[in-house]
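We will go from stop to stop, picking a few things at each.

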Amino acid sequence: MLATSVFWLLSANRLFFASVLSGRAAGEAATWGFVAGLAVLVAAAQAALLLCLLNRWTVKPVLTVLIVGTALATYFMDRLGIYLDPSMLRNVVRSNPAEARELLTLSLVPHLLLYAALPLALLWQVRIVHRPLARALVWRAMALAATLALAACALLAVFQPFSSLMRNHKELRYLVTPANYLWSIGSVMAADLRGAAQPRQPIGLDATPGPSWAQQNKPRLMVLVVGETARAANWGLNGYARQTTPELARLPVINFGAVQACGTNTEVSLPCMFAPVGRRDYDEQRIRGSQSLLHVLARAGVDVHWRDNQSGCKGVCEGLSSENVVSINPPGLCSNGQCLDEGLLADLDRRLDRLQALPSGNQLLVLHMLGNHGPSYFRRYPAAFERFKPACQNDDLQRCSQQEIVNAYDNALLYTDHLLASLVTRLQQRATQLDSAMIYVSDHGESLGENRLFLHGMPYAIAPDVQKQVPMVMWTSAGFGQSARLDKDCLRQRAQQGASHDHLFHSVLGLLDVRTALYERALDLTADCRRRPPGAPS
Ligand SMILES: [Zn+2]
């Protein structure tokens, strides 16, 4: 147990010690004293924990699982620069097999041989000496006392700098391996058990249709497209050096140039963007335990449908109508359990026909994209969209140059642009029969190798802007604009200012004219751009 603990200290905590050392004078004795103290503290505390938990029957199987788990953890931490906090672990646990497959590349094999197979071979060589119970207990107590004393001495020696480091950089504890992922797994499981014990809290019980519903002469459709991993920095409409949105640029869409995401991963962002209280008063437990915008709309009589091309709606559409593109299996678009995003538009015409048959009616259709889901950006678009070349064609990003990675990423954005533009065009064609609107917003951004960071999911407080700033686009048909009394020039002005996921809930309520006490006018992006009907109270 002690040997394993020292092995982890030396092999699995490179990022932790690199972060501790950053900003400290490398040549000074105080720095090395601090690092040595921390090293003793980490190894002794881990050994003490193992001494409490393991016995002669469990020691080998449990250490085997932990050694393999730790080797996997260090591989992804080192390669992608990720922190294994509860939010990241939730993402890992909820990812589907197709997503996971893209992360398991051949370069994992040598890493596992060195950091898992070799130590396991040594572990299983160890002969366990069986002592009588009383003597074994005495031995165990002595070993435990020794490691605890060692940990306590080390803690006392480094207490001052250690406590200030942990206060100022709370996220550092999620680099101490394997404690980080074990703690995070436990915390996610505890939260899920608490959540499972209670039904989802209903919200917006007072939701009713607003007065505009009675004056409607055409059915009204809002399509909300939830993007994936698209970052604002590479969005053509935001002024990126490359035109990654050529088709949208030709359409009368309104682009919101500075939109802040609620989280840096899907598990956080998705529930948050559909909640009345988003990032400004973030409470994960409350958001996960409550119903979403979709339930509020449904309560007022909006027909809600969720079509998913990713890892599901994360509870946002629980109990409501939903379907999955993989199970629809549109011809020519799916392979290996994943589909290109055009599958989201499969039989859209039939859906629109049905909607048109209704004399009045309000529908919200949510399309959840696979978007720019990494690391295999090149799998997110068909060959015709490989316009920026050479594009990285490997699941293992380390085998590509940063330029190749960016090329593949930008090609995937071109495909998103195409999807959104086709959707708007098809809605435009029905403008005489249907009032429609489209809102696109991505769930979070992405790191493409800047500062050696890849993918996303950094703790929010220290995440770079590229992971937090997302593109957002809005379009409304002339009829929808009229019935919502929307001044588009005004909205264009509003789009120049900042916005965030927090605005989504209230803006959708405003545009669809659903009344509830949950609605906050200040968070409705369109509120100041909707003219009041004549004679309405101010
Ligand atoms: Zn996501």
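**Stop 1: the sheet**

Begin with the open sheet of eight strands, which run in the order β5-β4-β8-β2-β9-β12-β3-β13 with mixed pairing. Here strands are DSSP runs of E of at least two residues, helices are runs of H or I of at least four residues, and both are numbered from the N terminus. Two strands pair if DSSP finds at least two bridges between them. At the edges stand β5 and β13 (499-500), each with a single partner strand, so one side of each lacks a neighbour in the sheet.

Before moving on, two notes for the whole tour. Residue numbers start from 1 along each chain as its sequence is written. This is a predicted model, in which local features need pLDDT of at least 70, side-chain atom pairs count only at pLDDT 80 or more, and totals for chains, interfaces and linings use all residues.

Now select β4 (residues 303-308) and β8 (residues 362-368): these two are parallel, with six bridges. Show Trp306 and you will find its bridge partner in β8, Val366. On to β5 (residues 321-324), which is joined to β4 by four bridges, again in the parallel sense. His305 has Ser321 of β5 opposite.

For an antiparallel pair, pick β3 (residues 254-260) and β12 (residues 469-476), linked by five bridges. Gln260 has Gln469 in β12 as its bridge partner.

**Stop 2**

The scale is as follows: with C-beta atoms placed from the backbone, a residue is buried if 20 or more other C-beta atoms lie within 10 Å of its own, exposed if 12 or fewer, and partly exposed in between.

Leaving out residues up to four places away in sequence, Ser322 touches His305, Trp306, Asp308, Cys313 and Cys317. Contact here means that the C-beta atoms of two residues, placed from the backbone, lie within 7 Å.

Next, select Lys314 in the loop between β4 and β5. Its 22 C-beta neighbours inside 10 Å make Lys314 buried, and its phi is positive, near 55°, in a residue other than glycine.

**Stop 3: more backbone to inspect**

Most residues other than glycine have a negative phi, and most peptide bonds are trans.

Asn451 also has a positive phi, near 50°. Look for Asn451 in the loop between β10 (447-448) and β11 (454-455); with 8 C-beta neighbours inside 10 Å, Asn451 counts as exposed.

Then follow the loop between β8 and α17, where Pro375 sits. The peptide bond joining Gly374 and Pro375 is cis, with omega about 0°. Pro390 lies in the loop between β8 and α17 too, and the bond from Lys389 to Pro390 is cis, with omega near -10°.

**Stop 4: the core**

Which residues have the most contacts inside the largest nonpolar core? They are Leu297 and Met438, in a core of 128 residues. Helix α17 (residues 402-429) contributes the most, with twelve residues. Domain 1 (2-193) and domain 2 (208-529) both give residues to this core, so the core lies between them. A nonpolar core is a set of buried Ala, Val, Leu, Ile, Met, Phe, Trp, Tyr and Cys residues joined through C-beta atoms within 7 Å.

Zoom in on Met438: not counting residues up to four places away in sequence, it touches Val223, Val225, Leu423, Val424, Leu427 and Trp475.

**Stop 5: where the domains meet**

Colour the two domains, 2-193 and 208-529; these bounds come from an automatic or database domain assignment. Their C-alpha centres lie 39 Å apart. The contact takes 22 residues from domain 1 and 24 residues from domain 2. On the domain 1 side, the elements giving two or more residues are α4 (59-80), α5 (86-94) and α6 (97-103).

**Last stop: the whole model**

Zoom out to take in 21 helices and 14 strands. The C-alpha trace spans about 85 × 50 × 45 Å along its principal axes. Of the 538 residues, 44% count as buried.
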